[in-house]
Amino acid sequence: MSSSTTNTSTHHTSTIGSIGTPSRRNTELALLVFAVLIPVFAYANVGLAINDQVPTGLLSYGLGLGLLAAVGHLVVRKFAPYADPLLLPLATLLNGLGLVAIWRLDQSELLQSIKQAGSAAPRQLLYTAMGVALFVVVLIFLKDHRVLQRYTYISMVGALILLLLPLVPGLGKNLYGAKIWISVAGFSIQPGEFAKIVLAVFFAGYLMVKRDALALASRRFMGLYLPRGRDLGPILVVWAISILILVFETDLGTSLLFFGMFVIMLYVATERTSWIVFGLLMSAVGAVGVASFEPHIQQRVDAWLDPMREYTLSRNGEFGHSEQAMQALWAFGSGGTLGTGWGQGHSELIRFAANSDFILATFGEELGLAGVMALLLLYALLVERGVRTALAARDPFGKLLAIGLSGAFALQVFVVAGGVMGLIPLTGMTMPFLASGGSSVIANWALVGILLRISDTARRPAPAPAPNPDAEMTQVVRPS
Amino acid sequence: MSELTLTVMRLGFLAVLWLFVIVAVQVIRSDLFGTRVTQRGARREAARPQQAARQAAPPQQRQQAGGGRQRRNAPSKLVVSEGTLTGTTVALQGQTITLGRAHDSTIVLDDDYASSRHARIYPDRDGQWIVEDLGSTNGTYLDRTRLTTPTPIPLGAPIRIGKTVIELRK
């Protein structure tokens with residue numbers, strides 16, 4: 001009698017159906033439609049302002065962006081039905097606005113006359129399509145993000161190779177003073193963008209195993225937990241590598257991004273504020289130390305401290321100086337609060353890299369403070385959804401990977417926006433999704449794909465328990 | 001193109017961009033609060049007729065109504081209150097929750113003292129939640145007592161697994 005009652009009780013677990021959590025895919029669809037219509041509006045606005053007519057490519061452009069968004073949405077619906085509803089629309093909107101701004105700069109006769117090719121927008125649309133294709137591949141083939149945990153140390157090797165590729169003679173290219181590009185079959189690739197994702201996988205796998213040793217074995221000193229000397233090993237190694245990147249590739253942005261990402265993940269894994277203090281101290285020491293003897297970095301710092309002097313020197317024909325930092329600030333200034341309106345600014349005067357590194361200046365001039373604030377909020381929302389995904393994830397690897405990816409994304413936005421606005425020295429990174437450049441767009445779509453995968457696992461309701469085979473066979477005795 | 005049209009478009013675009021931001025924030029807001037609020041409202045609605053029935057009911061049936069009240073006081077979520085996963089909550093919706101270091105557990109414990117399949121928590125026929133130790137090495141503790149048989153979980157009682165403590169809350 002008693003055995004049968006316990007049996008019915010366990011059996012009963014299988015008969016209670018779990019209440020379905022809303023998947024929110026329809027919300028995502030509605031937001032996506034909105035996110036496609038906004039860039040189409042902007043595109044029409046640019047055409048009306050510059051040529052007095054609705055641009056002829058409006059339909060094909062709108063359909064192209066809409067098609068890519070639809071493919072992304074259908075794949076998410078099929079392969080990650082419980083994923084976060086905001087990530088895809090936010091990425092689509094940012095990418096669409098970037099396409100409009102690039103097309104708007106293509107229209108400028110000034111940029112067409114100097115070597116800056118006048119057809120960056122169609123190329124960017126092609127890169128976007130490749131990015132969405134990679135996004136689809138990630139969602140279809142990465143069934144569970146925990147699979148990545150198996151490749152912890154392979155990722156480390158892969159990331160190191162990607163980071164060192166630009167230094168290989170014959171393959172690496174020295175463009176504009178920074179060696180962060182490689183050229184393969186006529187294409188310029190920035191391997192650092194991809195290394196960002198691979199490195200996050202390595203850090204997540206490594207810290208998941210080691211975090212107890214890093215968190216617990218420490219002494220308390222003046223309110224700070226001081227780690228043991230031997231536990232400082234990993235942070236010293238990553239620091240040394242990022243310093244090497246700074247010295248040999250002379251790119252402050254890449255170096256800052258990787259070290260920052262490691263410190264963020266270390267802090268999240270160990271909950272020790274002391275790592276952030278150490279990280280800030282070490283990056284400050286490293287940056288100042290390298291800047292004291294590396295002329296390229298030195299020049300960037302000078303341009304940051306006194307952009308006007310740099311501008312005058314460059315105007316007087318002095319070699320090696322750049323006028324862009326000052327021009328970007330003027331662009332922001334002439335934009336004011338509400339901007340000049342699409343197509344009515346003069347940000348093409350920045351000429352060189354106007355549609356890549358300095359694309360934010362175009363937004364600053366034509367949309368004004370109100371537009372740039374909205375843009376930064378869109379980035380903030382994307383990062384917030386990434387952090388929310390990390391909070392909701394139930395496995396430590398997924399938590400760390402999600403926080404690492406969104407942290408790297410946030411740092412990249414900060415480094416680029418801060419550089420263009422003159423808050424920190426200018427670096428050679430590009431605004432994710434907005435700026436012209438294939439590697440950045442493709443890698444960031446893959447990043448969003450991985451975040452969607454983690455978020456799908458985290459938000460998916462727990463599966464219904466498997467029916468208990470014993471319970472089927474045992475007859476239940478009921479007192480009548 | 002006239003100056004006026006361009007100004008209208010310029011301001012219109014900014015308005016639309018901000019509208020998107022506001023809509024996105026609203027989606028986040030409904031993600032946080034939306035469903036729970038409606039559920040609570042519906043439950044109170046359902047409780048009212050039952051209360052009216054109980055006032056008229058003879059003592060024998062009041063016993064059953066008491067049972068109904070217990071179900072209304074049933075826990076709705078499982079909260080991790082200590083350990084590396086502190087703050088994690090899992091909604092209790094009638095599904096079995098498995099705990100352990102195995103990667104397919106509902107709650108993956110990152111704890112050297114936990115077994116790969118350590119314990120499970122499930123509702124019995126009356127909706128009472130039961131915790132059962134799955135033959136773990138270091139045992140599962142309810143308050144201070146080590147579990148040997150499946151045991152009902154009182155609301156708010158700490159269940160200790162290695163360094164992790166979980167409890168059921170309303």
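Among contacts in chain A between residues at least 6 apart in sequence, what percentage join residues at least 24 apart?

Mentor: The model is predicted, so local features are given only at pLDDT of at least 70 and side-chain atom pairs only at pLDDT 80 or more, while totals for chains, interfaces and linings use all residues. Residues are numbered from 1 along each chain as its sequence is written, and chains are lettered from A and ligands numbered from 1 in the order in which they are written.

For chain A the figure is 72% of the contacts between residues at least 6 apart, a contact being two C-beta atoms, placed from the backbone, within 7 Å. The chain has 480 residues, and 50% of them are buried (20 or more other C-beta atoms within 10 Å of the residue's own). Its secondary structure consists of 19 helices and five strands, taken as DSSP runs, H or I over at least four residues for helices and E over at least two for strands, numbered from the N terminus.

One pair of helices deserves attention. Helix α10(A), residues 252-270, packs against helix α17(A), residues 396-421, at an angle of about 145°, and their axes are 9 Å apart (lines fitted to C-alpha atoms over the stretch in contact, with angles from 0 to 180 degrees between N-to-C directions). On the α10(A) side, the residues that meet α17(A) include Gly253(A), Leu257(A), Gly260(A) and Ile264(A). The partners in α17(A) include Leu400(A), Gly404(A), Gly407(A) and Leu411(A). By class, this contact has twelve nonpolar, five polar and no charged residues; Ala, Val, Leu, Ile, Met, Phe, Trp, Tyr, Cys and Pro count as nonpolar, Asp, Glu, Lys and Arg as charged, and the others, Gly among them, as polar.

Chain A also meets chain B, where 43 residues of chain A are in contact with 33 residues of chain B. On chain B, α1 (3-56), β4 (107-108) and β5 (119-123) each supply at least two residues of the side that touches chain A. The largest share, 16 residues, comes from α1(B). That side of chain B has 20 nonpolar, nine polar and four charged residues.

Over five bridges, β5(B) pairs with β6(B), residues 129-133, in the antiparallel sense, where pairing requires at least two DSSP bridges.

Conventions. A residue is buried if 20 or more other C-beta atoms lie within 10 Å of its own, exposed if 12 or fewer, and partly exposed in between; C-beta atoms are placed from the backbone.
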